[in-house]
There are 2 protein chains.
Amino acid sequence: METDMEVILKTEAEVGAGGFSVKGGENKGIFIKNVQKESPAAKLLSMREGDQLISATVYFDNMKFEDALKILQYSEPYKIQYCLKRKIPSAAAAAIGPEQVDIKEFKSIVVGLLSRKSIQCLH
Amino acid sequence: METDMEVILKTEAEVGAGGFSVKGGENKGIFIKNVQKESPAAKLLSMREGDQLISATVYFDNMKFEDALKILQYSEPYKIQYCLKRKIPSAAAAAIGPEQVDIKEFKSIVVGLLSRKSIQCLH
């Protein structure tokens, strides 16, 4: 009986965690080809050669407009999920509250005051 | 007293959900500039003008190698979180199990058999 196992690993969110190369593509999947020793990918993300890249969550904090555009353009044909922040005007918020947003349309929704740092969607 | 509110919305994961443009950049953040009526962005993601893009999770299913490379290159300087699939050889898995992977190094870990579709990290 085949007892090979697989683990699905979610890394921490890190800034500038480079130092790895990839191979594969199309129906084969994208795999880690090489991880440079002592690189951020090795030390912060604990990546290993042979790991398959399932998904990458990119955060737009302090991102250059041109880079955001490129990432969005190259990602567009593929499966993608967005985390959005939407402001609700004070009058509407007081009168209607979060029901102004049709919750059914979204996978999840978190409500907070503007002054509060909303990090729930960030991890 | 200021009662403006903000909601953090997580869209469904959709393929080819284009039809929007962005503005902003650097310290200002990336915002939805325009959403084309009847576009996938409008209908599938319920995006609205003015929404701030917090993050985008890109899935590498059936992705062209060149596109994966571009996305990874443009994302590298910024905050990014990966979901990885790692195979554990049958002998090691039988003998050691998931402890072979140092759980402390990762935000989360899911263990499954190779034959099972591992979708826990996909949403």
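**Overall view.** Begin with the complete model, which is predicted and scores ipTM 0.82 and pTM 0.82.

**Chain A.** Select chain A and colour by pLDDT: the mean is 81, and 70% of the residues in chain A reach 70 or more. Switching to a cartoon shows three helices and seven strands, in the order β-β-β-β-α-β-α-β-α-β along the sequence. Of the 123 residues in chain A, 46% are buried. Among contacts in chain A with a separation of 6 or more, 20% join residues 24 or more positions apart.

**The annotated span.** Next, select residues 6-73 of chain A. An unreviewed UniProt entry lists this span as "domain: PDZ".

Move to residues 112-120 of chain A, where pLDDT stays under 50. For this segment the model has 14 contacts beyond four places in sequence. Where pLDDT is low, the predicted coordinates should not be read in detail.

**Strand pairing between the chains.** Now show strand β6 of chain A (residues 79-88) together with strand β1 of chain B (residues 5-10). The two strands pair in the antiparallel sense, over six bridges. To inspect one bridge, select Lys87(A), whose partner in β1(B) is Glu6(B). With the strand from chain B still selected, turn to its accessibility: five of the six residues in β1(B) are buried, so the strand is mostly covered.

**Two backbone angles in chain B.** The last stops concern phi. Most residues other than glycine have a negative phi. Select Glu38(B), in the loop between β4 (30-35) and α1 (40-43) of chain B; its phi is positive, near 65°. Is Glu38(B) buried or exposed? Glu38(B) counts as exposed because its relative accessibility is 62%, and the cut-off for exposed is over 50%. Finally, go to Asn62(B), which lies in the loop between β5 (52-59) and α2 (65-75) of chain B. Asn62(B) is not a glycine, yet its phi is positive at about 55°.

Methods:
Residues numbered from 1 in each chain as written. Chains lettered and ligands numbered in written order. Predicted model: local features only at pLDDT ≥ 70, side-chain atom pairs only at ≥ 80, totals over all residues. Heavy atoms only, no water. UniProt positions renumbered as here; feature names shortened; annotations may be inferred. Buried < 20%, exposed > 50% of the residue type's maximum accessible area, 1.4 Å probe, protein only. Helix = DSSP H or I, 4+ residues; strand = E, 2+ residues; numbered from the N terminus. Pairing = 2+ DSSP bridges. pLDDT = per-residue confidence, 0-100. Contact = heavy atoms within 4.5 Å.
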